[in-house]
Amino acid sequence: MKETSPFAITISRQKGSGGAYLGKRLASRLNVLYLDREIVTQAAKELKMPVESLEARDEKLTPFWRSLLESYAYITPTSYVPPPLHMPTDRELYSTESNIITRIAQQRSAVIVGRGGYYVLRQHPRCLSILLHADIAFRQRRVQELYHVSTEEALKLIASIDKEREHYLRALTGQNCMDARHYHLSIDTSVMGLEEAEEIILASFRARFGDIKPA
């Protein structure tokens with residue numbers, strides 16, 4: 001008899017290492033839910049805030065002054081829209097997103113990219129956690145191709161996003177998200193390539209859970 005209770009694959013990643021690409025591919029091949037920006041959208045609904053406001057804070061710590069200014073960002077010269085009565089702290093936002101991840105993972109099988117999913121679901125009995133990393137040349141080329149930016153702009157973007165993600169998760173989980181010991185599987189996509197990385201993850205998934213049906 002095949003096990004049909006929900007499973008989760010979490011993907012933590014360096015910028016440009018292929019996290020979203022592989023996440024979507026895996027979700028499609030396993031016929032399960034894919035969660036990335038969708039988590040932010042749901043968090044905005046639950047916090048009763050414009051999704052644009054939360055997207056600007058996605059996986060990054062927010063200085064107090066920036067949070068304060070954002071609370072007045074909804075006033076325009078021609079109209080007045082009251083700001084939210086309460087601007088969530090980084091901890092509140094992380095908690096909301098974590099609750100969304102936990103709730104969905106209890107109900108449905110899913111591939112979850114980012115937002116500390118590996119840590120949030122560390123007690124999930126059917127979770128496979130993945131860390132994707134790659135050398136800087138590989139990531140720089142991918143970012144240039146995806147965003148149509150110069151080499152210099154790509155390198156700045158990579159450095160900025162990597163730093164923000166790492167600081168955010170360290171502050172809220174107390175862990176170094178780039179420590180491979182927190183994961184079941186760590187893959188250098190610049191060495192293995194994205195296609196081979198996909199097959200490695202699927203092989204690891206089947207080794208851990210068997211050939212199971214999505215829930």
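Predicted model: local features only at pLDDT ≥ 70, side-chain atom pairs only at ≥ 80, totals over all residues.
# Cavities, bridges and cores

Visitor: What makes a space a cavity, and what makes it a pocket?

Guide: On a 1 Å grid over the protein atoms alone, a cavity is a set of points where a 1.4 Å probe fits but cannot get out, whereas a pocket is an open set with protein on both sides within 12 Å along at least five of seven lines. Points are joined across faces, edges and corners, and the volume is the space filled by probe spheres set on them. Two cavities of 30 Å³ or more are found in the whole structure.

Visitor: Which residues line the second largest cavity, and what is their make-up by class?

Guide: A lining residue has an atom within 4 Å of a point. Here these are Arg13, Gln14, Asp162, Arg165, Glu166 and Met178. Four of them are charged, one is polar and one is nonpolar. Asp, Glu, Lys and Arg count as charged; Ala, Val, Leu, Ile, Met, Phe, Trp, Tyr, Cys and Pro count as nonpolar; the others, Gly among them, are polar.

Visitor: What is known of the second largest pocket?

Guide: Its volume is about 150 Å³. The lining includes Pro6, Thr102, Ala105, Gln106 and Val120, and divides into five nonpolar, four polar and two charged residues. H5 contributes the most, three residues.

Visitor: How do you know what counts as a helix or a strand?

Guide: Both are DSSP runs numbered from the N terminus: helices are H or I with at least four residues, strands are E with at least two. By that rule the protein has ten helices and five strands.

Visitor: Why is the pair Glu198 and Arg25 called a salt bridge?

Guide: The term requires a side-chain nitrogen of Lys or Arg within 4 Å of a carboxyl oxygen of Asp or Glu. The closest N and O atoms of Glu198 and Arg25 are 2.9 Å apart, so the pair qualifies. Glu198 is in helix H10 (residues 194-209) and Arg25 in helix H1 (residues 19-30), 173 residues apart.

Visitor: Is Glu198 called buried or exposed, and why?

Guide: Buried means under 20% relative accessible area, exposed over 50%, and partly exposed in between (1.4 Å probe, protein chains only). Glu198 has 2%, so it is buried. Arg25, at 38%, is partly exposed.

Visitor: Why does the bridge of Glu46 and Arg103 tie together separate parts of the sequence?

Guide: Glu46 lies in helix H2 and Arg103 in helix H5, so the parts joined are 57 residues apart in sequence. The N to O distance is 2.5 Å. Glu46 has 34% relative accessibility and Arg103 has 32%, so both fall in the partly exposed range.

Visitor: What makes a set of residues a nonpolar core?

Guide: Its members are buried Ala, Val, Leu, Ile, Met, Phe, Trp, Tyr and Cys residues joined through side-chain atoms within 4.5 Å. The largest such core has 28 residues, and Leu35, Leu54, Tyr94, Ile101, Ile112 and Leu121 have the most contacts inside it. Elements that give two or more residues include helix H2 (37-47), helix H5 (90-107) and strand S3 (110-113). The largest share, six residues, is from H5. Apart from this core lies another, of 24 residues, among them Phe7, Leu132, Leu185 and Ala197.

Visitor: Which residues does Ile101 touch?

Guide: Contact means heavy atoms within 4.5 Å. Not counting residues up to four places away in sequence, Ile101 touches Ile39, Ile112, Arg115, Val120 and Leu121.

Definitions and conventions. Residues numbered from 1 in each chain as written. Heavy atoms only, no water.
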